[in-house]
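User: I am new to protein structures and would like to learn how to read one feature by feature. Could you guide me through the one shown here?

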Amino acid sequence: MVEEYFIHSSSIVDPDVVIGSGTKIWHFCHIQSGARIGENCSFGQNVNVGNRVKIGNGVRVQNNVSIYEGVELEDDVFCGPSCVFTNVLVPRAKYPVHGVYQKTLICQGASLGANCTIVCGTTIGRCAMVAAGAVVTKDVPPFALVAGVPAKQIGWVDEQGNRIDYNPSELNTSE
């Protein structure tokens, strides 16, 4: 059977990883054991995908992003350069949580701007957009545009990411 994905020779893929057809994994990436990656994804330079992370189809992860255990990315998610995920609310070196991580869900079509931080235990709704540098500490509704520290909703976007006045009939909610 011919593998139908690309992994740069400088990257490391641990055992028990599933990588979908058409996916590209570029320089200096590490895909850890148990990760499940969909079709037609792209991982930029220096991306780490943690143990047992689930990533859907068509996901784009830019350079310098670590997707830790407990994070799930649904289809067509965009992660901007150096965006940050956490998976423990109260991290202590002396008191490790030993694999008990907060769940973070990034729903279909959501976009995360460069250098934003997604605090664990949150859900970013379908087609929502998180501005560059924002710090998300609570759930973000579908189609919401959030910015700031902590992130607050400043508007709405459509499926393509265009700012809109809120009107449910303007939102494309087709699958």
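What follows is a conversation about the sheet, a hairpin, a loop residue and the nonpolar core.

Analyst: Please keep in mind that this is a predicted model, in which local features need pLDDT of at least 70 and side-chain atom pairs count only at pLDDT 80 or more, while totals for chains, interfaces and linings use all residues. Residues are numbered from 1 along each chain as its sequence is written, and side-chain values use heavy atoms, with hydrogens and water left out.

User: What is the order of the strands in the open sheet of 10 strands?

Analyst: Strands of a sheet pair through backbone hydrogen bonds, either parallel or antiparallel. Strands here are DSSP runs (E, at least two residues), numbered from the N terminus, and two of them pair if DSSP finds at least two bridges between them. In this model the order is E1-E4-E7-E10-E13-E16-E19-E21-E22-E23, and the pairing is mixed. Strand E1 (6-7) and strand E23 (163-164) stand at the edges with a single partner strand each, so one side of each is left without a neighbour in the sheet.

User: In which sense do E21 and strand E22 pair?

Analyst: E21 and strand E22 (residues 152-157) pair in the antiparallel sense over 4 bridges, and Ala-144 has Trp-156 in E22 as its bridge partner. These two strands form a hairpin with 4 residues between them, where Gly-148 in the turn has a positive phi of about 100°. By contrast, strand E19 (residues 129-130) pairs with strand E21 (residues 144-147) in the parallel sense over 2 bridges, with Met-129 opposite Leu-145.

User: Which residues have the most contacts inside the largest nonpolar core?

Analyst: In soluble globular proteins, nonpolar side chains tend to be buried together. A nonpolar core is a set of buried Ala, Val, Leu, Ile, Met, Phe, Trp, Tyr and Cys residues joined through side-chain atoms within 4.5 Å. The largest one here has 36 residues, and those with the most contacts inside it are Phe-43, Ile-55, Ile-67, Leu-73, Phe-85, Leu-112 and Ile-124. Strand E12 (71-73) and E21 are the elements that give two or more residues to this core.

How values were computed. Buried < 20%, exposed > 50% of the residue type's maximum accessible area, 1.4 Å probe, protein only.
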